[in-house]
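Let's take a walk through a protein complex together, one piece at a time.

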Amino acid sequence: MSTTYVGVLELAAGAVLLSAVMTLWRRSVRAIVSMLRLQGVALSVVAVDLALHEHEHALLATGALVLVVKGVAIPALLRRIAQRDPRSRESRPLVNVPASLVFAAALIVLSYVVGTRITALAPSVVTNLAPLGLATVLVGYFMLVTRRHAVSKIVGLILVDNGIALMTFLLTSGVPLIVELGASLDVLLVVVVLQFLMVSMRHHSATDRLTEMKALHD
Amino acid sequence: MSADFWYGALATLIQVVVVAFGGPLLVGLMSKVKARSEGRVGAPVTQPLRDLWKLVAKERLHARHASVVLGLAPTVILASTVVAVAISPLVSTRPWLSSSADILVIVYLLLTGSAAAALGGLDVGTAFGGMGASRAMTIGALAEPALLVAVVALSIQSKTSNLPGIVSATLAHPDWVLGPSRLLALGALLIVVIAETGRIPVDNPSTHLELTMIHEAMTLEYAGPELALATLGEAMRLGLLFSLVANLFLPWGISTQRSVMSLVAGVAFLALKTTFVALGVALIEVRSAKLRLFRLPELLAGGFVLSVLAVVTGLVAR
């Protein structure tokens with residue numbers, strides 16, 4: 001029982017980081033969004049697995065919330081944005097794809113080096129996985145900084161949020177439900193706002209790339 | 001001469017023979033699967049073996065400006081692969097000299113073969129040979145770090161870099177196989193194997209279109225028995241890499257006891273497992289198009305990052 005619990009936890013935490021890296025790897029916006037969906041589902045698996053092991057009903061509710069918001073709602077909204085232009089791609093990132101993958105590898109190693117110092121304070125099978133969450137946060141920031149497409153930027157933001165959520169699940173068995181509710185709905189709201197923003201961006205300047213919007217219009 | 005020695009020697013002999021016939025058969029199987037899924041009947045699975053037989057009987061022919069390198073290269077390709085096959089844990093975990101089957105040894109034996117192939121391609125000085133050699137070396141240089149780091153991930157878990165040691169440790173701990181570190185390393189290794197054997201997202205083995213070919217360009221100058229040696233070497237290399245992937249991730253069925261029956265079972269299981277790997281690779285080939293050469297670093301950097309992930313999750317989840 002307890003080995004399957006740890007095994008599932010390791011797999012799901014690994015999947016969260018893997019999907020973060022995959023968003024850097026893929027170019028088409030649709031593929032990036034489906035990686036985000038995978039990450040949301042993996043994150044909720046982490047929460048549910050912890051909840052079932054520690055018999056915490058609040059955490060179970062948090063897991064369900066994460067599944068609905070990050071596994072279903074946000075990817076569906078982003079997919080709707082992407083479908084307006086199905087061939088939409090992250091065509092010219094500021095750092096090209098091979099270099100950003102190597103950079104991601106460096107960030108993963110960095111977060112392992114830093115993260116193990118933190119987890120050494122209270123080592124256990126669960127907390128030892130926390131560097132994976134830290135790495136997801138760093139990869140998210142990297143994506144936020146180097147990508148130009150509006151959807152990629154929002155995906156980077158959600159990666160940061162998911163990484164923080166993974167760390168809180170692993171280190172503290174989850175924040176109170178109300179906090180997670182607030183954070184998740186906040187991100188959802190950002191995505192909804194972005195959807196309107198994208199429509200008006202296309203209307204005004206016919207582009208999805210935020211970096212090309214440099215001047216203010218009247 | 002102890003019984004252990006004879007068992008090891010027999011295992012080595014069986015491995016070399018099985019891979020020598022199995023490698024070309026795997027190549028044939030993959031082209032058969034591709035043909036069938038494209039709605040063609042396709043050549044029989046034994047076609048690569050028949051081609052080799054046909055080539056052996058032909059005349060030995062060199063270009064006018066060829067140096068001794070051109071004649072040596074096919075022998076080196078085949079010999080390095082045969083040594084790697086002989087000591088790797090394919091049919092048995094204890095073939096002859098298996099204590100020296102460190103992963104670095106195997107990687108550098110394979111690298112010797114690639115270097116020989118590239119030198120052979122360069123030797124005559126034709127444009128295609130040089131182009132193929134340069135491309136093959138570029139891909140090799142990008143795939144090599146991913147391969148090494150992926151195997152480091154495996155050896156962290158089993159605390160040895162000796163291949164038979166890794167296989168035995170996996171047999172003793174079956175729960176490792178589904179761990180995140182293993183799965184990530186498997187993904188990285190599959191990318192490397194596809195690159196090293198020149199299958200579709202990286203190279204198209206069935207094309208002779210001069211602008212896209214990599215592997216074929218290097219063997220363009222060979223004829224007759226030398227072409228047979230080089231082709232057999234490449235096929236055995238494919239068989240070796242597929243068997244290593246199969247045995248490192250699904251080691252069951254490999255012979256660990258000192259009996260002839262277990263060796264027979266080992267051969268049968270190896271055939272079964274490599275067939276599955278070949279079917280998987282053939283399906284990838286059917287479903288995907290060849291990548292542009294300039295997009296290849298993306299794929300291989302992806303493999304590298306997967307292997308780094310495998311190492312870090314392996315260290316974290318310990």
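Start at the N terminus of chain A and follow the elements along: they go α-α-α-α-α-α-α. That makes 7 helices and 0 strands. With a radius of gyration of 18 Å, close to the 17 Å that the globule rule gives for 218 residues, chain A is as compact as a globular protein of that length. If you boxed up its C-alpha atoms along the principal axes, you'd need roughly 60 × 35 × 25 Å. Of the 218 residues in chain A, 44% are buried. And if you take the contacts in chain A with a separation of 6 or more, 73% of them join residues 24 or more positions apart.

Keep in mind that you're looking at a predicted model. Chain B has an average pLDDT of 88, and 97% of its residues score at least 70.

Now look at where the two chains meet. Here 18 residues of chain B are in contact with 22 residues of chain A. On chain B's side, the elements giving two or more residues are α7 (180–197) and α11 (296–316). The largest share, 12 residues, comes from α11(B). Sorted by class, this side of chain B has 13 nonpolar, 3 polar and 2 charged residues.

Next, the inside. In soluble globular proteins, nonpolar side chains tend to be buried together. In this model, the largest nonpolar core has 162 residues, and those with the most contacts inside it are Val21(A), Val46(A), Val139(A), Ala150(B), Val245(B) and Leu309(B). The element that gives the most to this core is α9(B), with 16 residues.

Let's move to one helix, α10(B). It has 28 residues, and at 1.5 Å a residue it should span 40 Å; the end C-alpha atoms are 41 Å apart, which agrees. Several residues of α10(B) are buried, among them Leu263(B), Gly266(B), Val267(B) and Leu270(B), and also Lys273(B) and Glu285(B). What do the buried residues of α10(B) pack against? They pack against α1 (3–37), α7 and α9 of chain B.

Beyond its neighbours within four places in sequence, Gly253(B) is in contact with Ala265(B), Gly266(B) and Phe269(B). Leu240(B) is 13 residues away along the chain, and its C-alpha atom is separated from that of Gly253(B) by 17 Å.

Finish with two loop residues, one in each chain. His55(A) lies between α2 (29–54) and α3 (57–83) of chain A. Its phi is near 50°, a positive value in a residue other than glycine. His55(A) counts as exposed, because it has 8 C-beta neighbours inside 10 Å. Over in chain B, Lys159(B) is in the loop between α5 (127–158) and α6 (163–172). Phi of Lys159(B) is near 60°, again positive in a residue other than glycine. Lys159(B) has 9 other C-beta atoms within 10 Å, so it is exposed.

Terms used:
Residues are numbered from 1 along each chain as its sequence is written. Chains are lettered from A and ligands numbered from 1 in the order in which they are written. This is a predicted model: local features need pLDDT of at least 70, side-chain atom pairs count only at pLDDT 80 or more; totals for chains, interfaces and linings use all residues. Two residues are in contact if their C-beta atoms, placed from the backbone, lie within 7 Å. Helices (H or I, at least four residues) and strands (E, at least two) are DSSP runs, numbered from the N terminus. Ala, Val, Leu, Ile, Met, Phe, Trp, Tyr, Cys and Pro count as nonpolar, Asp, Glu, Lys and Arg as charged, and the others, Gly among them, as polar. The radius of gyration is taken over C-alpha atoms; the globule rule is 2.2 Å times the number of residues to the power 0.38. A residue is buried if 20 or more other C-beta atoms lie within 10 Å of its own, exposed if 12 or fewer, and partly exposed in between; C-beta atoms are placed from the backbone. The expected span of a helix is 1.5 Å times one less than its number of residues. pLDDT is the predictor's confidence in each residue, from 0 to 100. A nonpolar core is a set of buried Ala, Val, Leu, Ile, Met, Phe, Trp, Tyr and Cys residues joined through C-beta atoms within 7 Å.
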